[in-house]
Amino acid sequence: MVAAILTLGGLGLIFGGLLALAAQRFAVEEDPRVAQIEEALPGANCGACGYAGCANFAEAVAKGEAEPTGCIPGGKDTSQAICKILGKDAEGSESCRQVAEVGCIGDKETAKDRFQYDGVKDCRAAQMYNGGFKGCPYGCLGLGTCAAVCPFEAIAMNEKGLPEIDEERCTGCGICVNQCPRGVLRLKDADRKGHVVLCNSKDKAKIVRSVCDVGCIACKACER
């Protein structure tokens, strides 16, 4: 009995030693900068950087596979903090803050419907049903999918059925842009100035006016 216990104990020590040696031999060293970079990120896990989450982005930056300016929600402060961790010059690392913009002003009163839609209140579902119920194929469907998917509650539907962007809350993550089936939402520089056309229609003036009272007809009157 004693011999068996000693034998098992000896085998345990041998296998334990082998496992310890294997752990040292095949250990993968972790870059301490990865954790530091991840801590500097806002933690939104929004995917705007092109990676699955902040942890993946931090690892890519540490490996030199992604730029320190890749975090859109973090903006300038985050970019400079990452540059400091990497020991890089923060000069020129400022990433321009972006926010979402609605490229349509055709609301319930001004944009005509082709038919009555009684399906799921989701723009993606509505678009799949005969190309959507709106007469303008480029216009906002107004069912609020963008507001529903926004993780920062930066989008709200107004009484006329159009989304409104709260630029203070918006981080420019681009989730709403990717989920809009008609490409109505887009990103813009937060400090952009000057005139912009909030209409995506590419049709001739006669067709535009037949489906929307406020659609752009390319008359260029706004440029005068």
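Which residues does Cys123 touch, not counting residues up to four places away in sequence? In this predicted model, Cys123 touches Leu141, Gly142, Leu143, Gly144, Thr145 and Pro181 when residues up to four places away in sequence are left out. The cysteine itself lies in helix 5. Cys123 has a relative accessibility of 9%, which is under 20%, and therefore counts as buried. One of the residues touched by Cys123 is Pro181. Cys123 and Pro181 are separated by 58 residues in sequence, while their C-alpha atoms are 6.8 Å apart in space.

The protein as a whole contains 8 helices and 4 strands. Along the sequence, these elements follow the pattern α-α-α-α-β-α-α-β-β-α-β-α. The protein has 224 residues, of which 32% count as buried. Among contacts in the protein with a separation of 6 or more, 52% are accounted for by residues 24 or more positions apart.

Strand 1 covers residues 98-102. Of its 5 residues, 4 are buried, so strand 1 is largely enclosed by the rest of the structure. Strand 1 pairs with strand 4, residues 185-189, in the antiparallel sense, and the pairing runs over 5 bridges. In one of these bridges, Val102 has Leu185 of strand 4 as its partner.

Two of the helices, helix 2 and helix 4, are described next. Helix 2 spans residues 32-40 and helix 4 spans residues 75-86. The two helices pack at an angle of about 165 degrees, and their axes are 9 Å apart. Because this angle is over 145 degrees, helix 2 counts as roughly antiparallel to helix 4. The crossing of helix 2 past helix 4 is right-handed. On the side of helix 2, the contact is made by Arg33, Gln36, Ile37 and Ala40. Helix 4 contributes Thr78, Ala81, Ile82, Ile85 and Leu86 to this contact.

Aromatic side chains were also examined. A pair of aromatic rings is described by the distance of the centres and the angle of the planes. A search of the whole structure finds 4 aromatic pairs. Tyr51 has a relative accessible area of 28% and is partly exposed. Phe57, in contrast, is buried, with a relative accessibility of 2%.

Another aromatic pair is formed by Phe115 and Tyr129. The centres of these rings lie 5.7 Å apart, and the planes are at 70 degrees, an edge-to-face arrangement. This pair links distant parts of the chain, as Phe115 and Tyr129 are 14 residues apart. Phe115 is in the loop between strand 1 and helix 5 (123-128). Tyr129 is in the loop between helix 5 and helix 6 (145-149). Phe115 is partly exposed, with a relative accessible area of 21%. Tyr129 has a relative accessible area of 52%, which is over 50%, so Tyr129 counts as exposed. Phe115 and Tyr129 also belong to one aromatic cluster, together with Tyr117 and Phe133.

Terms used: Residues numbered from 1 in each chain as written. Predicted model: local features only at pLDDT ≥ 70, side-chain atom pairs only at ≥ 80, totals over all residues. Heavy atoms only, no water. Buried < 20%, exposed > 50% of the residue type's maximum accessible area, 1.4 Å probe, protein only. Pairing = 2+ DSSP bridges. Phe/Tyr/Trp six-rings, centres within 6.5 Å; stacked < 30°, edge-to-face > 60°. Axes fitted to C-alpha atoms, helices over the stretch in contact; angles between N-to-C directions. Parallel < 35°, antiparallel > 145°, perpendicular 65-115°, else oblique. Left-handed = near helix turned anticlockwise from the far one by under 90°. Contact = heavy atoms within 4.5 Å.
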